[in-house]
Amino acid sequence: MTGTSPFAPRGTAQEIEEGTTFSPKFDRDGLITAVTTDAKTGELLMVAWMNAEALARTVETGEAWYWSRSRNELWHKGDTSGQVQTVVELRTDCDQDTVWLKVDVAGDGGCCHVGYRSCFYRRVPKGEPAKLEATGATKLHSHDH
């Protein structure tokens, strides 16, 4: 992408909160939080980050693109795993600093790089802040680190 954004400039609070212009607010690192759920079940699959290019490609292609903070690169979900996320609906919150993707997932239906359907396969038991326990999620495939 070039230096020009495909998104509308930020307007007044009223325009941002109740208008019809998409003008996402990226943080100081140029990123916006992306929450991804299964379009059919509503299951939370993952939370990731998008930069302006990833968000623009997602809107243009209808497939989810993210920004990998650990690899510092654009990432087309499913490019290597086959778990392509087709966007059914893309929403933004009231102040447009978060996006919500409702997706259909190809391949084995997984989204987590360690082999689970959802990245949220463990929980913290109440009153035990240093402990994690399994939720009972089934691993779809093995993963070697």
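This is a predicted model: local features need pLDDT of at least 70, side-chain atom pairs count only at pLDDT 80 or more; totals for chains, interfaces and linings use all residues.
Leaving aside its neighbours within four places in sequence, T58 is in contact with M50, E63, A64, W65, V87, L90 and L101. T58 is found in helix α2. Is T58 buried or exposed? Its relative accessibility is 2%, and because residues under 20% are classed as buried, T58 counts as buried. The side chain of T58 also reaches the backbone nitrogen of W65, at 3.0 Å.

The helix around T58 may be considered next. Helix α2 spans residues 52-61, and its buried residues are A54, L55, A56 and T58. What covers these buried residues? The cover includes the strands β2 (44-50), β3 (65-68), β4 (73-76), β5 (85-92) and β6 (98-105). The N-terminal end of α2 is capped by N51, which places a side-chain oxygen 3.2 Å from the backbone nitrogen of E53. Just after α2, G62 takes a positive phi of about 80°.

From the helix, the reader may turn to the whole chain. The secondary structure of the protein chain comes to two helices and eight strands. Along the sequence, these elements follow the pattern α-β-β-α-β-β-β-β-β-β. The C-alpha atoms of the chain fill a box of roughly 45 × 40 × 30 Å, taken along the principal axes. Of the 145 residues of the chain, 32% count as buried. Among contacts with a separation of 6 or more, 44% are accounted for by residues 24 or more positions apart.

Some of the strands are organised into a sheet. Four strands form an open sheet in the order β2-β1-β6-β5, with mixed pairing. Which strands lie at the edges of this sheet? The edge strands are β2 and β5, each of which pairs on one side only. Neighbouring strands of the sheet are turned by 25° against each other on average, with direction ignored. Within the sheet, strand β1 (residues 32-38) pairs with β2 in the antiparallel sense over six bridges. T36 stands opposite M46, a residue of β2. As a general principle, side chains in a regular strand alternate between the two faces of the sheet.

A second pairing involves β3 and β4, which also belong to the cover of the buried residues of α2. These two strands pair in the antiparallel sense over four bridges. W65, whose backbone nitrogen is reached by the side chain of T58, has H76 in β4 as its bridge partner. The hairpin of β3 and β4 has four residues between the strands, and N72 in this hairpin takes a positive phi near 55°.

The description ends with the largest pocket. Its volume is about 680 Å³. Of the 26 residues that line the largest pocket, the closest to its centre are M46, R71, W75, C111 and H113. Which strands each supply at least two residues of the lining? They are β2, β3 and β4. The largest share of the lining, four residues, comes from β2.

Key. Residues are numbered from 1 along each chain as its sequence is written. Side-chain values use heavy atoms; hydrogens and water are left out. Buried means under 20% relative accessible area, exposed over 50%, partly exposed in between (1.4 Å probe, protein chains only). Contact means heavy atoms within 4.5 Å. A polar contact is a pair of N or O atoms within 3.5 Å; within protein, one must be able to donate a hydrogen and the other to accept it, and residues adjacent in sequence count only if both atoms are side-chain atoms. Two strands pair if DSSP finds at least two bridges between them. Axes are lines fitted to C-alpha atoms, for helices over the stretch in contact, and angles run from 0 to 180 degrees between N-to-C directions. On a 1 Å grid over the protein atoms alone, a cavity is a set of points where a 1.4 Å probe fits but cannot get out, and a pocket is an open set with protein on both sides within 12 Å along at least five of seven lines; lining residues have an atom within 4 Å of a point. Grid points are joined across faces, edges and corners, and a volume is the space filled by probe spheres set on the points.
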